[in-house]
Amino acid sequence: MSPFPAKRRKLDRSATSLDDSETEQRSTSNASREDVVPPKPTNTTRLLEADDAALYVGGLYKSSLFKLQVDELLREVVPNYEKRFGGLTTALHKLKGLIEGIEERGALSVADATKWLHKSHRIAVPYPDPKPDKNAAYKLSYAKPSHINVIGSYTLRTMVKSDSTLSVDLLVVMPAAIFQEKDYLNYRYFYKRAYYLACIAAGLQQAAQEDFIVAFEYLHGNDLHPILVLKPRSDESKPVPSYAINVIPAAPPMLFAETKLRPTKNNVCGKDGVEGESTILLPTPFYNASLRSDCNFEAYLKLLHSVTKASDGFKDACMLGRVWLRQRGFASRLSDGGFGHFEWAALTALLLKFGGPNGHSILSPGYSSYQMFKAVLKFLSSNDLVAHPVVYGPVDFVASTSSSPVLYDGQRGQNLLYKMSPWSYNLLREEARASLSMLNDGTFDQFEATFIIRTSQPLQRWDCIFQVSLPSHDLESTSCDHRSSMAEFGFRIAEILAEGLTDRVKLFDIKIPSTSSWSTKAAGPTNEPSSLTVSVAFDPATIDRLVDHGPPAEEKKKAAKFQKFWGEKAELRRFKDGSILESLVWSPGSTYAIFENIITYLLKRHFGTVVASSLRFTGEGFEKLLPGSGPSTKSFEILKQSFSALEKQVRDLEGLPLQLRHLSPVSPQLRYSSIEQPLFSSGQPLRNPADLSIQFEGSGRWPDDVVAIQRTKIAFLLKVGSLLEEVDESIASRVGLENEDKPLQNCAFLDVIYGSGAVFRLRIHNDREQTLLERQIKEKSSDHRAREDAVLALSVYKRLFLQLPLHTQSIATHCTRFPLLSPTIRLVKMWFDRHMLAGHVREEVIELLVVRTFLQPYPWRSPSSTMTGFLRTLLFISRWDWRAEPLIVDFTGTMTSKEVDSINTRLEAWRKIDPTMNRTVLFAASNHDTSGTAFTDNGPSRLVATRMTALARSACKLVKEKEMDLDPRSLFATSTADYDFVIHLSPQFTGDHRRKEASKPKYKNLEVQSEASMEKVGSQPVLSYIEELNKLYTNTIVLFYSEIPGSVIAGLWNPQAVATRSFKVNLMYPTRPANGEGEDTEDVELDKSAILAEMARLGGDMISEIVVHR
């Protein structure tokens, strides 16, 4: 069965962010404030009408395909409001009536009001920390709300589909009479708000209990904003409704002066609200903005409503922004970055009114949704709102710089980004920059990367993730602003990481676990988080640096600050250039070991041993899976040095009939991509020779017959070998034969074995072969079999002598450019091998899959760790529809859209010629091979490609479910239960046994090359055995083998061969009477036992057991 779903793209929304809890501060309702009836759904069908077509023709969309994809996306993500919110209107009417009918309560002291609610209704008041003073002079009271209305994206109709519960916001505006002029000071407003909410909960407790489950929750995770969440109950007669209603208390718009709540003001000044005379109080921007946001619900309601009327593309731009944010893990919740749908919509609305030159706006109301979306990304990426705060609107206010971003809406007195932390803002800007790069890419279609692929999966986004526990002691706050103990710890961690890691990392993110809803009987959530998660993206160029340079000794203040921060680790050192600098020296090790040492030391110094001991890191486990010395390329460099020496010796040879033109490497070992590192020594030569292609200058003396050319190559190789042995006594050479049953293909090679243990295998490239083979293919007089042999020989020739040298050069170059490309390729190859697919998928195809992750990395940047490179490659494989999409790798970055279209057209042509994909299944093209079939002709089969996709999807699913608890080894574990039979090999023939033998220590004086060690060069008995079985049973069985463990060979019976059929003479496989019947039957079936017995006989001592599953 095909692993591919229907072609229509679906959003990956399986881990929907909490931004779908529609608690945004906006609405487009034009109804009376006393009327809570939601507006009827409007017709959201989007057709390519004349005006829209004119916009498209004018170049306002990226391409025609992109335009169609955006239109389909917008249609796809719109929920069915009538179906999803059935019964909502009745519920809202009922709640409105119940809230308006709640009895008013006179003014009581804090202690009496709290005690009365608890005693009479068992309702706890969700006061924020610090709790109110029981002896406070102000009173708490409850009065009928001034009005109630529905707000949020439900009324704006900008909701998007989600697997989680969608929420509708019910705004309850508190009367101004219950507040006093100074209530904006010292949490007094928030205490009265919490009491008002508790009174609503008490009023709804009995009346709404039958229809709703009532609980408290923090609005966007802000503990200053508790709300009521009402979820409809279900019964046997109706299913569980998929929505919830959020009851949000709000302040009247003009309750407090805007000037009192600006980001530069302090409103948490003392116990009784009296400002100190001798101390300078720091600003409280988060506290002020939280209070101001409670006054601005209706102001933003009017703003968004007016913009929706003025701009046709606004709503669709908001939906595109919402999808984009959700796929990147952003939402309005503090734990999700503090930038969600409301912030996007409000920012877009402001840019439609302000921000341009000469008082004009940045955006035009006539922009299409795509233009508007892209312009907002441009604004986010190009403006640093931390270093350069922005103020929009007619207000006499200049924002001061701070560590947090400021986008101040002067008309409404609101910093839209007040919930964002410095690290979440940096991440948002980086995502915006990456998306802009994608959208500006005119060569490849980036629609899926922009809107479909979820980039927030932590193991695919970050290089290292660590968890750290909250200190047991209270931290000294450096700010007067409102922060929880966990938030304060997060800010302290961020300051230490920024100063301690400097340029070692590009980005980091700190996640504080979000709190869930809790019972109205409790004053706060019971599951308070005890640890936070820090995620880091490395800078590969600097992360493994062993010496950090600090300030020079002459700069006393900076040097003292450096010493205070690093403590005993800081030391004064003199360097070669004569400079004397404060320095840090770290112990050598892997990238992760160095990083973990730095983090552990920093946390131990600044938070103590207990906090440092709680660290739990994730990320290094993938590199540890690599055989040999992990991600190091030292062994590859040693082999390349030996190759350079061989090349020099061959060029300097005297006595060759023709001069050397090229000596090109074509082996994975010479392009840093073999699973096992090329380890060798004088007593242990390289087991698998490194393949080379040698080409001499042209000559008219070569024969005009392909077979004769192959025989002439043998004489050339013998001559080269003898000359090399003459110039270097340590060299041993021998000529070998191959393809003996294929006379048109290369028939000989030369093994050159150095005394150091390096081994190279040379094959001669003669460009005249191509001309002769092409001529033979075109000859109509030759028989069909001869032309087929010529076609196959030409395909092998092009792959071996034309494509492989270019491919090897490109991979080696990019492994130098991207140091992590080599270990990532090796790890992906190891994944293919462990799942016994490597024998079917050529190494070059796997390398193309991986290098695409680095060269076309969208929606991310190029991987900066082996883990991210590996997991992103698996994600691509799991999503790759190889039936309809080619794999295209642009090695040079110069490929044009016309070339990409040509490759796509060629794939379509192949699918028409070969619709059943019997010859070409995967189509892998690059700059060097636009045909797309150089490495995929005649393999892998459709069966293997389908299994590859299924295994990749299972791996991605496991990564998503486990996240930080993932054991990397589980991705490489394979089962043999799916196979029909399994051949177990004797231990002495397995790959693990060979590696153990090679790793045994030997005395130096005994390390000399012997005939026995020479005979092992190039010897692969298991692969030779599999090759022989494939020749004998091509149409009967499919074999799978893993070379790294190398302990089993698994097989599947061909269903067509197993089927019962009538007896006839000269069947290609052994048969027996069907169903064990007598001689009278004319039907026969495959004799599986006879084939397995013959396979065991051919294997001899190599086979220890054959287990038959079916």
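Two strands count as paired if DSSP finds at least two bridges between them.

**View 1. An open sheet of 3 strands in the predicted model.** The strands are arranged in the order S28-S30-S29, and their pairing is antiparallel. Strand S28 (1061-1062) and strand S29 (1071-1073) each have a single partner strand and stand at the edges, so one side of each lacks a neighbour in the sheet. Strands of a sheet pair through backbone hydrogen bonds, either parallel or antiparallel.

**View 2. The pairing of S28 with strand S30.** Strand S30 comprises residues 1083-1086 and is joined to S28 by 2 bridges. The two strands run antiparallel. Within this pairing, Arg 1061 stands opposite Val 1084 in S30.

**View 3. The buried residues of helix H23.** Helix H23 spans residues 768-778, and its buried residues are Glu 769, Leu 772 and Leu 773. These residues cover an arc of only 100° around the axis, which means that they lie on the same side of H23. An α-helix has 3.6 residues a turn, so residues three or four places apart point the same way. The buried residues of H23 pack against helix H22 (706-727), strand S22 (759-765) and helix H24 (784-817).

View 4. Residues 622-816 are 45% helix and 16% strand, and their end C-alpha atoms lie 21 Å apart. For residues 818-973, the end C-alpha atoms lie 28 Å apart, and the span is 51% helix and 4% strand.

Methods
Residues are numbered from 1 along each chain as its sequence is written. This is a predicted model: local features need pLDDT of at least 70, side-chain atom pairs count only at pLDDT 80 or more; totals for chains, interfaces and linings use all residues. Side-chain values use heavy atoms; hydrogens and water are left out. Buried means under 20% relative accessible area, exposed over 50%, partly exposed in between (1.4 Å probe, protein chains only). The arc is that of the directions from the helix axis to the C-beta atoms. Contact means heavy atoms within 4.5 Å.
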